[in-house]
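Subject: Structure for your review

Dear colleague,

Please find below the structure that I am handing over to you. My findings follow it, and I would be grateful if you read them with the coordinates open.

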Amino acid sequence: MRDCKEQTERVADLVVNAEPAHNGAAQPASLPAPSAMPQAAAAPFIVCSGLVKIFRVADLEVVALQGLDLEVAQGEMLALVGPSGSGKSTLLSALGGLDQPSAGRLEVAGQNLLKLSASELTTYRRRQVGFVWQQTTRNLLPYLTARENIELLMTLAGMGGRERRARVDELLAAVGMSDYAHQKPPQLSGGQQQRIAIACALANMPAILLGDEPTGEVDWPTAQMILGLLRDLRERYGLTIVLVTHDPRVAAQVDRVVAIRDGRTSSETIHTPNVPAAADTAHSTHSTAQAAQREELVVLDKTGRLQLPGDQRALAGIGRRARVELIDGGILIRPVDDEHSTAITEIDDTTATSLYHSLYAVDPPEEDAKRS
Ligand code: ADP
Ligand code: MG
């Protein structure tokens, strides 16, 4: 009985990805050619502006998104990072039309998702979005073969047999799993299961691929392989990809990393201007060099607000208020002498040293290094 319920839930998850791309009519068999990937889209494909999401649980309100701003270009591959509870999954659910934000603006391909009715949102989700979850059990039905898993979604979408078979073949080849078409998920490795999950997510040829920790349950070499595959598929199908990840190493494998803190975009890590894009494809042995070529930039909202991470504030001794001085070449934020934060004493030596390195690129002074 319980098994049956679990399987029904899994099918419900899978159905998220299933529906015809064109009102149930026959869909074009051909997919955008590799060269069809837009190089520089004029307007951002995804625009989040002042996005707010409030969850009401009994008498409590949880503000999961607190006026989040984010723009994503068409064809971009973006990673969302941030501490647990910072709002990453909430944002992903909003982008995927699984849940509607409470306020703000959320546009995808010119459509304001906050203005859509529930049924319009369902249509959006099924036609435009593919999901890959962390748990392979949420992505695939264990008693169907790889081929049947992909085909099921197309059948649910009302696609004809011949077209369906051709598309399953194409997707299996695209994820490098043609030889495993007749294996069931339990017979496949974690990485192979995620490849099939990606093929399932692409069954309806979505414009956006969303992944909530899609590499969270595989080892790093496998994760790299999956990220490489996603980059290839992005080129091939002109996908816009947004991934939530805990793994900082993923940063070297995507175009941009956006850090979320307390429901707001707080900083972005991008390529520094003169880094050739080819550096992206480098192997992990080059990750240190790559990290050096990347720069984390703090994000300001339209009113000029920015977020300084608590650990950095603590290290700089900044409490509730700070002095802001315009200096030659920038703005200096200094602690107010009598308002020093006490939080610095709570940071251990190793954290303090590494923070010092990340802030000032030098060793901390002796007394700071000794402080615990
Ligand atoms: P993350 O994915 O970054 O860990 P989430 O987006 O899951 O964070 O959660 C952000 C905040 O919203 C957390 O405080 C979480 O407890 C709360 N939250 C998320 N989903 C719900 C929900 N369905 N009901 C109530 N609170 C929720
Ligand atoms: Mg989450």
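Which residues in α5 are buried? In this predicted model, they are A146, R147, N149, I150, E151, L152, L153 and M154. Helix α5 spans residues 146-156 and is mostly covered, with eight of its eleven residues buried. After the helix comes G158, which has a positive phi, near 80°.

The packing of this helix comes next. Two packed helices are described by the angle between their axes and the distance between the axes. For α5 and helix α7 (residues 190-201), the axes come within 9 Å and cross at roughly 20°. Because angles under 35 degrees count as roughly parallel, α5 is roughly parallel to α7. The crossing in which α5 passes α7 is right-handed. On the α5 side, A146, N149, I150 and L153 take part, and they meet I196, A199 and C200 in α7. Sorted by class, this contact of α5 with α7 contains six nonpolar residues, one polar residue and no charged residues.

I turn now to the ligand. The residues around ligand 1 are F55, V57, V62, A64, G82, S84, G85, S86, G87, K88, S89 and T90. At least two residues of this shell are supplied by each of β1 (46-57), β2 (60-72) and α2 (88-95). The largest share, three residues, comes from α2. By class, the shell around ligand 1 has four nonpolar, seven polar and one charged residues.

One loop position may also be of interest to you. A73 lies in the loop between β2 and β3 (77-81). A73 and I46 are 27 residues apart in sequence, and their C-alpha atoms are 6.7 Å apart in space.

Finally, some totals for the chain. There are twelve helices and 13 strands in the chain. Of its 372 residues, 31% are buried. Among contacts between residues at least 6 apart in sequence, 70% join residues at least 24 apart.

With kind regards

Conventions:
Residues are numbered from 1 along each chain as its sequence is written. Chains are lettered from A and ligands numbered from 1 in the order in which they are written. This is a predicted model: local features need pLDDT of at least 70, side-chain atom pairs count only at pLDDT 80 or more; totals for chains, interfaces and linings use all residues. A residue is buried if 20 or more other C-beta atoms lie within 10 Å of its own, exposed if 12 or fewer, and partly exposed in between; C-beta atoms are placed from the backbone. Helices (H or I, at least four residues) and strands (E, at least two) are DSSP runs, numbered from the N terminus. Axes are lines fitted to C-alpha atoms, for helices over the stretch in contact, and angles run from 0 to 180 degrees between N-to-C directions. Angles under 35 degrees count as roughly parallel, over 145 as roughly antiparallel, 65 to 115 as roughly perpendicular and the rest as oblique. A crossing is left-handed if the near helix is turned anticlockwise from the far one by less than a right angle, and right-handed if clockwise. Two residues are in contact if their C-beta atoms, placed from the backbone, lie within 7 Å. Ala, Val, Leu, Ile, Met, Phe, Trp, Tyr, Cys and Pro count as nonpolar, Asp, Glu, Lys and Arg as charged, and the others, Gly among them, as polar. A residue is near a molecule or strand if its C-beta atom, placed from the backbone, lies within 6 Å of it.
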